[in-house]
Number of protein chains: 2
Amino acid sequence: MNAEIIAVGTELLLGQIANTNGAYLAQKLAGIGVNVYYQTVVGDNPKRLQTVFEGAQKRSDLVILIGGLGPTKDDLTKQVVAKALHVELATDTAALEKITAFQKQSGRLNTANNRLQALKLADAESLPNETGFAVGDYYRNPSGADVVLLPGPPSEFTIMVDRQLMPRLMEQGTENGVIFSKVMRFIGIGESELVTDLSDLIDQQTNPTIAPYAKVGEVTLRITATAESTAAAESRVDQMVAEVLKRDGKYCYGYGDDNSLAQVVVHQLIERHLSVTAAESLTAGEFQSTLGDVPGVSAVFPGGFVTYANEAKVSLLSIPQHIVDDYGVVSKETAVWMAQQAKAKLATDVAVSFTGVAGPDKLEDQPAGTVWIGIAYKDQPAEAYLFNFANGRAQIRRSSVLTGLNLIRQKLMTN
Amino acid sequence: MNAEIIAVGTELLLGQIANTNGAYLAQKLAGIGVNVYYQTVVGDNPKRLQTVFEGAQKRSDLVILIGGLGPTKDDLTKQVVAKALHVELATDTAALEKITAFQKQSGRLNTANNRLQALKLADAESLPNETGFAVGDYYRNPSGADVVLLPGPPSEFTIMVDRQLMPRLMEQGTENGVIFSKVMRFIGIGESELVTDLSDLIDQQTNPTIAPYAKVGEVTLRITATAESTAAAESRVDQMVAEVLKRDGKYCYGYGDDNSLAQVVVHQLIERHLSVTAAESLTAGEFQSTLGDVPGVSAVFPGGFVTYANEAKVSLLSIPQHIVDDYGVVSKETAVWMAQQAKAKLATDVAVSFTGVAGPDKLEDQPAGTVWIGIAYKDQPAEAYLFNFANGRAQIRRSSVLTGLNLIRQKLMTN
C-alpha cells in the first residue's frame, strides 16, 4: 500500500512549527510496511489544498490529511475534502454530545463554530478523539484512494494515530499478508550500545524487521513481521523477541507503544501492595507527577515532598543540618537521608530521593548533570547511586525521573 | 514572490528525522515577505523527485530543493534537476580544490564520488559551502521558476541559508516589502471564544493577518504585517495588538514564540522577591515541577507538598481531619486550608493548592475535571475557585497547573 501524508496549516508553512506529526506518522507507517512516497505541507487555503489533495488521490492508495479539523474559520480540511470527493458532511452524534456536555459543564459558550468539530464525511467511519473534540475520519473510497483525516494538535493526533488509525491499518493488512509488530522498551542502555549488541540481527533483517528508536532516557525496538496469518506473523516476531531478550533482557522493562516505565512500575507496586513516596530536589515534583500520570496510582501513593531549597530538606524531612553542611546537598549521604526520612514520614514501603544539579549553573562546584538518586526499601538500609546525565536542564531532570523508576523496578526484581 | 520548498531524503520520508530544515527556511522566507505555499518531502527516487520538481516549476516563481547533494549513490538531486531543466552539469573549480586539499591533508582517498560534490548546474551561480563540501546552486531560470539547491545536513544548510541565500534574496527584494510578526499568548480563554471576540478583525484581515493557534490550556495569536520598512510593519502590528488587548487584554499573559506562563510568572515573582510554594493533590507535583523548569526559580521556590491521599493532607499539612470529613476532599474548604497551611509551613509569600478529580473515575460523586484551586497571598485570607476541565487525565492536570499559574499572575496584577 502506498500512502501519502498531507499536513495542513499555515503555522507549518510559515515554519513556526516543524512538521513533527508527519515524521511521527511516517515512522509508524514504515513500521507496519506501508510505503510513504510523498509528504506535503500546505496552508489553510482551500484552493491549494484541493489541488494537492487531488494530485495525491491520483498517485496513492491512501491519503492521510493532518490538521484543519478545529473550530475556527481557518479549519477547512473536511469541507475541502468533501467537495473534492463529492460527498456530504454529516454530524457525528457522539462527538457532538461530548462537545455539548463540556460546554454545559464548563459554562463556556455553545458557539456554532465549536459544533463544527463534530462534522465528518458522510459514510466515513469516525475516529473518536479521546483528548480533544474534533472527530477524525476513515473514509473507504469506492472510487479512488482511501482518505483519513486526523487532528493537528499533537496531543490529539498521536493518540488517534496509536489507538484508532494503526489498529485499523494493521487489521486490513497489505498485499504481503498480515502484519504483526511488537515494541520492546528498554531503559539503562543507549541506542548505539543496543544496536551494536544486535548488529548481526539488524544486518540480516528481512522478515521480521527491527527498527530502533531513541527517546529521552529510553530506547524502543519495533519488531515487525508479515505472514499469511496473524498467528504466523506473531510467531516470527516472538522468535526475534526471544533472541533479543537473550542478549539484552535485563534492560527490557516492557512491551507496547502505549506503555511507559511509570505504568509498568506503578502496576508492579499495586500488584504487590507496596506504597511509594519521594523526596525531590532537582526534579522538583516531576517524579511524583509522573507517578500521578498513571490512573489508579492513589492505591499506593499517598504523596511526598518537594525539597528544592536546603531549608526545606531540613524542615520538611527533618534531615540533620550537619548532614547537609558536612557532605553537601549533592551527596550520597544527603540522598540516603532524603529517601530514609521520606519513607519514615509517610510510612511507605518504598521511597526514592533525587538531589543533584539540573543546571545551567554548577552547584557546590559540581557540573550540571551530576545527580544522586537514593532508594529506601522496607527495612533494608537506604542506598544511593551517582549518575551523570547530559543535554540540558529538561533532559537531566527527565533522565533522573526515569532512572528513579528503574531503581524501583530493579529492587522489585531482586526482592 | 511565491517560493516552494522540496526536501529530498528517504530518512525524512520514513520519519526518522523531522523536516526541521523546511521549517527553518520557511520562517526565514516569511520574514522577508517571500510566500511559501507548498512544502514537499520526497525520497531519494529520481522519478518521483522529477515529478514533484516539474509540478513545482509550473506553480511557483522559486523552487528550493534541500538535500541529495552528497557523495553517495542516493544523492541525485543535481542530476534530476539538470535533466528536468535540460541543462548540463559543470564542475565548480573552487569547490573541487577544497575537496582535493582536504583529501590530501587528511590522507583520505580521492574517490570519484567525493568529487561529485563539486558539480553544479551549468550557468548557475555557486553557493559556497562553508561547513561542508557539497556546493549549492542559485540558477536564474530564463524559461521558468528559479531554482536553488541546498545541502541537507543542518550544519551546512543553515549557514548556507543565512550567509548565501538570504542576502541574495533580500537584494532582489519582494513586491510586498518587509514582514514583521508578533505572537500574543493567552490563558483563561478558549480558542473559539477568542476568535468569536475578534471575528470582525479576522474577517477583515488583509495586512496585518491574525492567525490563532491552540495548545493545551492556552491560545496564541500571531499578528503579521508587511510594509516598506520594518518600522512601518511593526507599527501596523502594534496597532492590531492594541485593538486585541482592548477586547481580551486580561487574558494576554505575554508575547513571543519562546515564552511560557511559568517563565512569565516566575520572573514576576523573582522581580518582586515573593516566594512561592504549593500543596498538590490531583496534580501530584506537576505544578512544582513546572516551576522547576524555569532556571533561577530556586531564588523564590523552597519546595512544597504533594498530598495525594487524604492522610497526607492531614499529616503533612496538619489540616484538621474534620475539614476533609465535613466538606469532602474536593471542596472549597479543603483547597483553602491546603493553600493556607502550605504557605504557613514554609513561610512563603504565596501558596497555591490543587484538589480535584483527575479521572478517569469519579471522586466523591464529582466527575473527572472538577478541580478546586486555592491561593493564599501574604496576609490576605486564602481563596479558592472551582474549574471544570476536560479531555482526559493528562489535560485536566495540565490545565490545572496553567490555571494555578494564572491565579498567581492575576493576584500580582491587583496587588
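I'll go through the interface, then a helix, then the cavities. Keep in mind that this is a predicted model.

So, how do the two chains meet? The size of an interface is often given as the accessible area lost when the parts come together. Here, about 5500 Å² is buried between chain A and chain B, and carbon and sulfur atoms give 56% of that. On the chain A side, 71 residues are in contact with 71 residues of chain B. How many salt bridges are there between chain A and chain B? The count is three. As for salt bridges, look at D203(B) and K73(A): their side chains meet in one, at 2.7 Å, N to O.

Now over to helix 11 of chain B, residues 261-271. Its buried residues are L261(B), A262(B), V264(B), V265(B), V266(B) and L269(B). What do they pack against? Several elements of chain B, including strand 9 (178-187), strand 13 (276-280) and helix 16 (392-413). Then, just after helix 11 of chain B, you'll find H273(B) with a positive phi of about 55 degrees.

Last topic: cavities. Rolling a probe the size of a water molecule over the atoms shows where empty space is left. Which residues line the largest cavity? Among them are G68(B), L69(B), G70(B), D75(B) and K78(B). By class, that lining has three nonpolar, four polar and two charged residues.

Okay, that's my tour. Over to you for questions.

Note on methods:
Residues numbered from 1 in each chain as written. Chains lettered and ligands numbered in written order. Predicted model: local features only at pLDDT ≥ 70, side-chain atom pairs only at ≥ 80, totals over all residues. Heavy atoms only, no water. Buried < 20%, exposed > 50% of the residue type's maximum accessible area, 1.4 Å probe, protein only. Helix = DSSP H or I, 4+ residues; strand = E, 2+ residues; numbered from the N terminus. Contact = heavy atoms within 4.5 Å. 1 Å grid on protein atoms, 1.4 Å probe; cavity = no way out; pocket = protein on both sides within 12 Å on 5 of 7 lines; lining within 4 Å. Nonpolar A, V, L, I, M, F, W, Y, C, P; charged D, E, K, R; others polar. Buried area = accessible area lost by both parts, 1.4 Å probe. Salt bridge = Lys/Arg side-chain N within 4 Å of Asp/Glu carboxyl O.
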